[in-house]
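Please read them with the structure open.

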Amino acid sequence: MMDQRRAKSYIGATATDFYIAIISELPPDGAKLIAKIKRDIVKVVLDDSFEVWIDPQPDSNSSNFFQGLYNSLGKGVHLRHARGGGKNVPKWEGKLEIVNGFTKTEWITEVRIPIKAITSDRKITDGVWGISSCRNWKQPW
């Protein structure tokens with residue numbers, strides 16, 4: 001059985017940006033976060049990391065959705081995924097701004113995502129957006 005691990009997210013927006021904060025507990029017994037990847041590559045998923053997924057058209061059968069994946073060093077990758085008949089363009093210039101902070105018991109990450117980095121044909125207030133965030137735990141495994 002997996003141990004219970006606490007993490008929570010807060011999502012907000014202005015007319016031009018999404019803001020996502022992720023607060024998660026640090027590993028128990030003084031263990032450090034795993035942060036071995038020091039370049040912006042997909043292997044950052046092997047570290048303790050967090051992910052942000054944004055879908056500007058969650059009701060579409062043929063569109064792209066976007067993924068940001070980062071470790072506690074701020075290293076990560078931006079990916080674009082196709083759904084249905086959409087064209088898959090893996091390279092995405094996410095232009096996300098990430099700030100990491102720590103308390104004695106928590107890892108706090110704040111992310112700013114410019115809407116124009118995702119889409120130019122809609123506003124934040126236009127309809128529904130699909131947004132998900134998650135924390136990838138490596139310790140204890």
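1. Phe50 counts as buried at 1% relative accessibility; buried means under 20% relative accessible area, exposed over 50%, and partly exposed in between (1.4 Å probe, protein chains only). Tyr70 is buried too, at 3%. This is a predicted model: local features need pLDDT of at least 70, side-chain atom pairs count only at pLDDT 80 or more, and totals for chains, interfaces and linings use all residues. Residues are numbered from 1 along each chain as its sequence is written, and side-chain values use heavy atoms, with hydrogens and water left out.

2. The whole structure has four aromatic pairs. Rings of Phe, Tyr and Trp (its six-membered ring) pair if their centres lie within 6.5 Å; planes under 30 degrees apart count as stacked, over 60 as edge-to-face and the rest as tilted. The rings of Phe18 and Trp129 have centres 5.0 Å apart and planes at 75°, so this pair is edge-to-face. Phe18 is in strand S2 (residues 17–25) and Trp129 in the loop between strands S7 (106–114) and S8 (130–136), 111 residues apart. Both are buried. Strands are DSSP runs (E, at least two residues), numbered from the N terminus.

3. Phe50 and Tyr70 have ring centres 5.4 Å apart and planes at 35°, so the pair is tilted. Phe50 lies in strand S3 (residues 49–55) and Tyr70 in strand S4 (residues 63–71), so the pair ties together parts 20 residues apart in sequence. Ring pairs join Phe50, Tyr70 and Trp107 into a cluster.

4. There are five salt bridges, each a side-chain nitrogen of Lys or Arg within 4 Å of a carboxyl oxygen of Asp or Glu. One of them joins Asp17 and Arg112 (2.7 Å, N to O). Asp17 lies in strand S2 and Arg112 in strand S7, so parts 95 residues apart in sequence are tied together. Asp17 is buried at 8%; Arg112 is partly exposed at 24%. Glu97 also forms a salt bridge with Arg112, the closest N and O atoms being 3.0 Å apart. Shared partners join Asp17, Glu97 and Arg112 into one network.

5. Asp48 and Arg135 meet in a salt bridge (3.0 Å, N to O). Asp48 is buried, with a relative accessible area of 0%. Arg135 is buried as well, at 10%. The charged end of Arg135 sits over the ring of Trp137, 4.0 Å from its centre (CZ of Arg or NZ of Lys within 6 Å of the ring centre and within 35 degrees of the ring normal).

Note on methods: Helices (H or I, at least four residues) and strands (E, at least two) are DSSP runs, numbered from the N terminus.
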